[in-house]
Amino acid sequence: MISFGLTEEQEVVREAMRDFAAQQLRPIARECDEASKISDAFLDQAWELGLTSTQLPESVGGGGEARSPITNALVLEELAHGDATLAIAAVVPSLFANSIVDQGSEAQKQELLPLFCGPKYHAASLAVIEPSPLFDAGQLRTQAESKGDRFVLSGVKSFVPMGGRASHFLVIASRDGAPDAFVVPRDAEGLTITAGEKNLGLRALETSTLELARVEVPASARLGGAAGCNVRRLLDGSRAALASVMVGLSRAVLEYCVPYAKEREAFDEAIARKQAIAFCLAEMHMEVEASRWLAWKAASELERGLDATRSAHLARSYAAEKSLWIADNGIQVLGGHGFIREHPVEMWFRNARTLGVLEGTVAL
Amino acid sequence: MISFGLTEEQEVVREAMRDFAAQQLRPIARECDEASKISDAFLDQAWELGLTSTQLPESVGGGGEARSPITNALVLEELAHGDATLAIAAVVPSLFANSIVDQGSEAQKQELLPLFCGPKYHAASLAVIEPSPLFDAGQLRTQAESKGDRFVLSGVKSFVPMGGRASHFLVIASRDGAPDAFVVPRDAEGLTITAGEKNLGLRALETSTLELARVEVPASARLGGAAGCNVRRLLDGSRAALASVMVGLSRAVLEYCVPYAKEREAFDEAIARKQAIAFCLAEMHMEVEASRWLAWKAASELERGLDATRSAHLARSYAAEKSLWIADNGIQVLGGHGFIREHPVEMWFRNARTLGVLEGTVAL
Amino acid sequence: MIDFRLGPNDEKLLQATREEALVARKYARYYDENEHEFPPDELPEATDLQPALARMNIGRTAEDSSIPVLGMLISMGQTWGDYSVRLRRQKGGLGNAALQASGTPEQKQRWGGETLAMAITEPGCGSDPSKVQCSAVLDEKTNEWVINGEKIFVTTGCRATGVVVWATVDKRAGRAGIKSFLIPKGTPGFVVAHKEKKLGIRADDTAAYVFQDCRIPRDHLLGGDEKVAKQGSGGFRGVMKTFNMTRPAVAAIGLGIAEAALDFTRGELEKAGVLVEYGGGLAGTSAPAAKFLQLEALFEASKLTVMRAAWLAGEGKPNNMESSVSKAHAGSAVRAITQGCIEILGPMGISRDHLLEKWLRDCRITDIYEGTGQIQRLIMARELLGYGRDELK
Amino acid sequence: MIDFRLGPNDEKLLQATREEALVARKYARYYDENEHEFPPDELPEATDLQPALARMNIGRTAEDSSIPVLGMLISMGQTWGDYSVRLRRQKGGLGNAALQASGTPEQKQRWGGETLAMAITEPGCGSDPSKVQCSAVLDEKTNEWVINGEKIFVTTGCRATGVVVWATVDKRAGRAGIKSFLIPKGTPGFVVAHKEKKLGIRADDTAAYVFQDCRIPRDHLLGGDEKVAKQGSGGFRGVMKTFNMTRPAVAAIGLGIAEAALDFTRGELEKAGVLVEYGGGLAGTSAPAAKFLQLEALFEASKLTVMRAAWLAGEGKPNNMESSVSKAHAGSAVRAITQGCIEILGPMGISRDHLLEKWLRDCRITDIYEGTGQIQRLIMARELLGYGRDELK
């Protein structure tokens, strides 16, 4: 049955996240962007929301709630509406943790999941992107060779979120031409972590470069152990999540521009009364909606264990195109004010262009 | 020296063509489109302009004027402003004739050029396009193999303009992987001509399908004879010409929409006074200009014998995109009236979408 | 609970719709090339196939979608075959929707069985219904309305057995003066001028009407309310109601055509050995595949906006904004999709040996009728900004 | 005669400009990351290189392009290196252009050597200069103008030695009341509030000004004409003159940045082994190459609209329409080009290890200052439709 209805519980969660984003994220977003830094205080405060732990099994100390990609999509949109950078920082550990819950071996669950059930923010991260031009997740350069009962990882990964403080990395590498995933502890021999990459947007989100110089890991480090894993499903979750983040960002731009355009006057009337501006805002709204439904569709397929590769791909690429269009035109609506850092729109524009080229930073 | 200045002679020619197009093409365009037919009377009348013959050498009975791609670009824009279909029909022979002048062997010039110096319209045509999906002039399926001192041509060509009445075809075929061109008389053995293809637009322009079942031609039939030819330059000329045709079409749409929008009222005022309509018209004008300068640049490079492949490619692809955008939005400006055949805009829309996928129908 | 899966009966119905559509498609080219003819009310194949629509309400389960949603999916499925040709022509037109929305119980009872066209647009007024010039004057002596005026772009205008006409009883009152009148075919003074010649949907029945001192009984006023209500309420509102489902429906109709174009293009890409893969990046993709993926995303997005508007209707929730979102989105989407498919396939795309070029022409109407894309943007912007008609023109 | 080839001296100058630009580019990232610093007036390398601009008028032949055209090409060549950093900073700002356009001979003589900023925009009025609140009142006793008001987005506002300020001598007169006044730095009551923090062109000098009872001699009124002329003429017109070259110039400045982005992207594509070929069709092209070709065409088209506007100026022909065409076209083009290059290159495109992300930020101002894209469309539409200000708002 085709339905857009939220459960009461989902309504409640969405409301709560909307308030949290408005009160805790939006007010500090600019300051974090200018300082290229997020305080531990914020990360720990966000951690208390239990975004990561509540959906972990009770056996490892989690909340034992069933993981719901749909609910997570709602949460991500609301948090990103406050600020995409802080939203991503808050949920980076979920991507790692969820991957273990979803595809990890029993041993991996027992060893790694408890890390995320503590009272303080704990970082672990996914390493997908590579610094090469025209990076394509379908064409990985990082290699994993079998060596006896071990794997040897070689290559360079970049844009690894929270890499500077992550205890573990889930490294996506090509094994005999097919993508595979491996759990690599931060102190692994041959692993060099260079924290603090400088990027166009999401400036407050620390990202690292990982150099893997023949890093050896045991066979048990492979995600899923002997059973192996499905990297595609892992990336599907990440793409669907990014889509929801971009929807939140887009909505933030729209909701900032509407009151601005109604107040701002030119040629004796509010600029919102000019068709050029009014229609632009109408199209922003239209595309926020369209992007959201695509994100929901991907999330609902993930929730039901269906193959979501197509819908996640379409949701991510569509949201990437439209969120950039919306933020770019948000600047245009504000005119000169859109170009100066007294207003958040230029930051949202940088974040949108940045989010559009990412993979594997967040998950559902 | 960068200059956009026309010579006095060019100004005169442009004026003359503008008048001819307004008086002879525009009035019969719709009727020809509905009947899918162009009268011989029109073709002969257009022939008297000497578009083809004046630029042929006196030695073969031509006007002996130096060929000027720039002047031809101006001519094509004006004629296409009247009607693109009739404009193309009128100049189809020029593409063949110019190719012979430009790259033909002395023998080919002596044999073929006189055909175009008579008092009546004489058709000869270029065969480039093939019916396969995703046709790419860079990947021809029609093959030419050497057989002793002869060539054997095999393949199928489509959208050959005026094929039904053409005395000769210049067939572009792949020879050892590289494109080459061959003069094929319509009575050649193994050549089957099926006239009267049915297309979306340019409905009045007769186009044919050519089946080449091992058609044998002598070595001397190769364009340029032993010296061979440069097919790329030939296609460059065709692309640049198409760009000018599309500019003329775009300008026709714009100039039809402007007065319509000033007259047509909605909500108590002319729709031209709505920013949505006014800005759309402004962008149409902007893109007509931009497309024209690209077409001029390609033409001026051809005129000076420079490599025009890049500029012709950019001019054609840009004009194709923008002319379609302009015609499509022309329909939108007229609303319901844009959808009915009492107005020419729907015809221009079909012609624009058709022109956008063509090659080798016209030349400079 | 958010869900985008179809129920078992949804699946069955759409499968049946697809089968009917494939039959209709066989006749699509013929009636496009022979626009003076009308497709028959029943195709020869009709006897062998049980029409899907008739089964719409039968055997539905809790897992099946609401009727409005299902209706949109069936509309898409039908135009995927052809815009105009149907295995069995359905009775009823836009006028029937208006009758259901604003007719009195007696009127619904009396005319429910007719095929009613809806006549709104006039030569002088396109998107601005408040400018209706067609007049209705009450003749107290005979208790008759006297209708005078012209209407154009009347869908199913030739085949309809009657028409719901917008006419003003008081020009000074603007939109408040507009009322709907039901006029049966054959009423003296009611002339069907001609069938319009169009870019696309040529097999479709689009007429122009002329009314000259056309007299109808007093009780042919839809809803029966003769008072001229205040601005923006009453008669006009009543009729506008019908738009809340017709906008998503028009969007769905266009998207069915766009989906046909995408399916055809995908098939040709496969034949040509061009891989269309999901989950890859730009680097490993060919230009035609990348373009196709972009169009596919546009289609999915647009389809979901239609589902959204229809789902709200099914929930009995207001969907004025969402109806315009779906109409505006689909209006642009179908233009981009059909144009893009031709760009991908090249010259073969413009050959009338294939239906792609027809789909380009047919779907172009989507962004024009039932309120152009510009009008939909006005509606959206007003809701978004909380502006009235006078604040945003 | 239509021609798009450069003359021998054109070539030399642009080659020299390119060399200077390559030097400037070395400093581009530093001054972007350290926006509180200003780039020096002369770079260390300056001594070794003879500045191209100084030679602009020397050794020109009949084959060389007109000064306005050449000026545009040089501007493009400079911002190809960096928006703000120059081998040698040129004296003069937008205010100097205004001085040349509307100053009296004496005023040109007296202030020609200064670096003059131009202060138009105010916190309350963006694209609508007729709404200028900054006031100028004549004190007959002291023969001084008393200036009060605020200005923002003043280009080269911090380094300028003086500024040309738009102020109204009669608010009721609208744009007719606006006059230009020259105010030297250091005049009491003239405060440079702060340097703006921006998305891009961070090394650039953009200031906010405050004027409090700032007194200047009576003869500081540009043009000397104290009468309030009729609507749309006089002072305002005088100043608007300056816009006819600045619009194409602003377009050229943005396109220089976009060209840098294209050149960088082409280089990376080559390294990655992605072929960008002309003359092929969609089928044989990779997605990144197809996208790149589209951006390249957009760039060429935009550049030609700038050449066109500048060429007309060189011919002494009116170019108001063409100036707006170039500004509007380049304004959208540079946005699409820099965004598209990042899309092509993926994650590396957003890394501050490369300049591409900076070019995205720097060129974004193009569609905003000197009249936003919307304003340019208004100007174009009015000319096209023959409408006045009141007919098209």
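This section describes the confidence, chain contacts, overall dimensions and selected local features of a predicted model.

The model scores ipTM 0.95 and pTM 0.94. For chain C, the mean pLDDT is 90, with 93% of the residues at 70 or more. Within chain C, the lowest confidence falls in helix α5 (residues 234-271), which has a mean of 83, and the highest in helix α8 (residues 356-363), at 98. Over residues 230-240 of chain C, pLDDT stays under 50, and for this stretch the model has 24 contacts beyond four places in sequence.

Contacts between chains were examined for two pairs. Chain A contributes 39 residues and chain C 36 residues to the contact between them. On the side of chain A that touches chain C, two or more residues come from each of α6 (231-263), α7 (275-303) and α8 (309-334) of chain A. Of these elements, α7(A) gives the largest share, 13 residues. By residue class, this side of chain A consists of 22 nonpolar, 10 polar and seven charged residues.

For the pair of chains B and D, the contact involves 39 residues of chain B and 36 residues of chain D. At least two residues of the side of chain B that touches chain D are supplied by each of α6 (231-263), α7 (275-303) and α8 (309-334) of chain B. The largest share of this side, 13 residues, is that of α7(B). Its composition is 22 nonpolar, 10 polar and seven charged residues.

The secondary structure of chain A amounts to 10 helices and nine strands. Its C-alpha trace spans about 75 × 40 × 40 Å along the principal axes. In chain A, 63% of the 364 residues are buried. Among contacts in chain A with a separation of 6 or more, 76% join residues 24 or more positions apart.

Most of α6(C) is covered, with 25 of its 28 residues buried. Just after α6(C), Gly316(C) adopts a positive phi of about 70°.

Further local features concern chain D. Most residues other than glycine have a negative phi. Phe153(D), although not a glycine, has a positive phi of about 55°. This residue, Phe153(D), lies in strand β3 (residues 144-155) of chain D. Phe153(D) counts as buried because it has 24 C-beta neighbours inside 10 Å, the threshold being 20 or more. A positive phi, of about 50°, is also found at Thr156(D), which is not a glycine. Thr156(D) is placed in the loop between β3 and β4 (162-168) of chain D. With 23 other C-beta atoms within 10 Å, Thr156(D) is therefore buried.

Lys131(D) is located in the loop between β1 (116-119) and β2 (135-139) of chain D. Lys131(D) has 19 C-beta neighbours inside 10 Å and so counts as partly exposed. The C-alpha atom of Lys131(D) is separated by 7.5 Å from that of Arg175(D), although the two residues are 44 residues apart along the chain.

Technical notes
Residues are numbered from 1 along each chain as its sequence is written. Chains are lettered from A and ligands numbered from 1 in the order in which they are written. This is a predicted model: local features need pLDDT of at least 70, side-chain atom pairs count only at pLDDT 80 or more; totals for chains, interfaces and linings use all residues. pLDDT is the predictor's confidence in each residue, from 0 to 100. Helices (H or I, at least four residues) and strands (E, at least two) are DSSP runs, numbered from the N terminus. Two residues are in contact if their C-beta atoms, placed from the backbone, lie within 7 Å. Ala, Val, Leu, Ile, Met, Phe, Trp, Tyr, Cys and Pro count as nonpolar, Asp, Glu, Lys and Arg as charged, and the others, Gly among them, as polar. A residue is buried if 20 or more other C-beta atoms lie within 10 Å of its own, exposed if 12 or fewer, and partly exposed in between; C-beta atoms are placed from the backbone.
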